[in-house]
Amino acid sequence: MSKGEPTAADLGEFGLIDRLAAALGAPSDERLVVGIGDDAAVWRAGDAYVIGTTDTLVAGVHFLPDRVAWRDVGWKALAVNVSDVAAMGGTPSFALVTLCVPPETPAGTLDELYAGLRECAEVYGVTVAGGDIVSSSVFTVTVALAGAALVSDGGAPLLLRRNAARPGDLIAVTGPLGGSAGGLRGLREGTQLEHPSLLEAHMHFWPRVDAGDIAVRAGIRSGVDISDGLVQDLAHICEASNVHAELRLDRVPLHPDLIPAYPQDAPLMAATGGEDYELILVGSRGAIELADSALRRHLELPDDEQLTIVGEITAGPADVRVLDASGSEVKFARGGWDHLKRR
Ligand SMILES: [Mg+2]
């Protein structure tokens with residue numbers, strides 16, 4: 001390495017993405033509808049639109065192999081990808097699975113992994129169509145997942161894009177947040193068994209394919225899944241759409257077991273913790289209300305609000321301002337997750 005050359009950690013995840021995208025050059029294939037920079041890529045195939053995404057779990061980085069069930073790792077390996085398809089408003093279909101396996105791994109561990117992966121595949125209608133296995137010193141599982149976008153009568157794909165938020169739009173979330181951060185904290189502190197529902201939220205969450213599909217049918221055109229944290233994922237929408245967001249922290253729905261477990265930190269964990277895999281949906285009030293009532297009917301919960309409005313989009317600097325109940329700005333030490341920055 002030459003002196004002064006930046007490392008991956010210096011660039012950070014998002015700086016590295018920009019650099020690698022520049023190395024590839026601008027895509028020239030006119031069938032590409034959504035390239036690098038959204039939850040998933042989208043390309044045209046005949047009259048259909050394919051949604052493609054991939055995500056990796058690394059032992060010791062994304063999960064603690066001695067503290068979690070391998071079955072849950074298998075579920076999560078597919079579910080994080082299903083969530084990215086949901087975040088585009090699509091429906092998942094076929095997956096490829098690549099395993100990097102230390103040779104001494106017991107076969108029963110992989111049986112457990114695949115039991116969880118199969119469970120997730122069956123719930124979400126995914127078929128595992130192939131993959132690859134290589135030897136490695138660290139266990140990793142990579143899933144590449146394809147899905148389909150809903151297509152309008154005119155033949156256009158109906159998608160939830162990061163760049164489609166407009167001033168005047170409302171910001172809604174599809175469910176309570178912070179449970180996953182609580183589960184992760186329990187794992188780190190060795191108290192995970194005291195809060196089983198938080199551990200469940202961290203390892204066995206349910207991607208919101210239902211909500212993404214209903215959202216695009218209701219006319220919502222902007223959304224993202226909450227993987228890095230509510231504030232940071234909302235900031236991705238602000239940057240891509242060049243709009244400002246005002247987020248009301250007191251309106252963010254909290255996982256019901258988060259408050260008793262971590263009363264001091266619950267709101268902050270819900271705003272910045274990440275890996276909740278609920279959706280942020282951004283659209284007009286009419287579209288949000290239409291989606292909310294459709295989701296209530298779908299889930300047969302007519303009296304329960306399904307989309308919680310947590311803020312609004314305005315014209316202004318392309319970032320997120322977090323406000324408390326009195327309208328005062330809340331400052332955070334950190335906004336969310338970057339996969340390469342050390343902390
Ligand atoms: Mg995502």
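A residue is called buried at under 20% relative accessible area, exposed at over 50% and partly exposed in between, with a 1.4 Å probe and protein chains only. The model is predicted, so local features need pLDDT of at least 70 and side-chain atom pairs count only at pLDDT 80 or more, while totals for chains, interfaces and linings use all residues. Residues are numbered from 1 along each chain as its sequence is written, and side-chain values use heavy atoms, with hydrogens and water left out.

Asp 39 sits in the loop between β1 (32-34) and β2 (41-45) and Asp 84 in helix α2 (residues 70-86), so the pair ties together parts 45 residues apart in sequence. Helices (H or I, at least four residues) and strands (E, at least two) are DSSP runs, numbered from the N terminus. Asp 84 counts as buried at 10% relative accessibility, and Asp 39 counts as buried at 7%.

Attention now turns to the pockets. A pocket is an open set of points on a 1 Å grid over the protein atoms alone, where a 1.4 Å probe fits, with protein on both sides within 12 Å along at least five of seven lines; lining residues have an atom within 4 Å of a point.

The second largest pocket has 15 lining residues, and the closest to its centre are Ala 201, Phe 205, Trp 206, His 255 and Glu 278. Helices α4 (179-189) and α5 (196-203) are the elements that give two or more residues to this lining, with the largest share, three residues, coming from α5.
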